[in-house]
Amino acid sequence: FPDRYATLEALQADLRRAGVARCQLVLGIDCTASNAEQGKETFGGRSLHTIEPGVLNPYQEVITILGTALARFAGDGALPVFGFGDRRTRDNAVFCMHPE
C-alpha cells in the first residue's frame, strides 16, 4: 500500500490521534541461515545481514524506520533488540543485540 505520509510528524500525529500514547516495542531479529538464501532472491545475492558502508540492509532499514517513527512513544526512548536462531541459541533462546 502507498505511503500517505509526507513527514514523520504527520505519521506521529496520526498515531497519537489513533490513541497511541506509548509503545513498548521489542524487536526480534532472525539470525537463522535462511537470511543468506532469502538475500539471494531479494538483496542482490547478499545475506540480509550484510553490512556495507553507506548501504542499509533490510533489517537496518526496518529498525531505522520503526525506531524513528516510534521512539517518541517509548517512555525511556529505548528500543530493545534481540536476536534468535544463531548457532549458539538456535531456536531455544534469544540474545540481546546491545549488551549493557
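A residue counts as buried when its relative accessible area is under 20%. Keep that cut-off in mind. What we have here is a predicted model. By that cut-off, buried residues make up 22% of the 100 residues in the protein chain.

Now the surface. The protein chain exposes about 7300 Å². Carbon and sulfur atoms supply 58% of that area.

Next, the fold. There are three helices and three strands in the protein chain. Going along the sequence, the order is α-β-α-α-β-β. For the dimensions, picture a box of roughly 40 × 30 × 25 Å along the principal axes, filled by the C-alpha atoms.

What about contacts across the sequence?

Charges, briefly. The protein chain has 10 positive and 12 negative charges. Their mean positions are 3 Å apart.

Let me finish on one residue, V94. Where does V94 sit? It is in strand β3, which covers residues 94-96. Is V94 buried or exposed? Exposed means over 50% relative accessible area. V94 has 55%, so V94 is exposed.

Which residues does V94 touch, leaving out those up to four places away in sequence? The answer is F82, G83, F84 and T89. Look at G83 in that list. V94 and G83 are eleven residues apart in sequence. In space, C-alpha to C-alpha, V94 and G83 are 5.5 Å apart.

How values were computed. Residues are numbered from 1 along each chain as its sequence is written. This is a predicted model: local features need pLDDT of at least 70, side-chain atom pairs count only at pLDDT 80 or more; totals for chains, interfaces and linings use all residues. Side-chain values use heavy atoms; hydrogens and water are left out. Helices (H or I, at least four residues) and strands (E, at least two) are DSSP runs, numbered from the N terminus. Buried means under 20% relative accessible area, exposed over 50%, partly exposed in between (1.4 Å probe, protein chains only). Accessible areas come from the Shrake-Rupley method with a 1.4 Å probe; for residues, only the protein chains shown count as cover. Lys and Arg count as positive and Asp and Glu as negative; His and the chain ends are not counted. The place of a charge is taken as NZ of Lys, CZ of Arg, CG of Asp or CD of Glu. Contact means heavy atoms within 4.5 Å.
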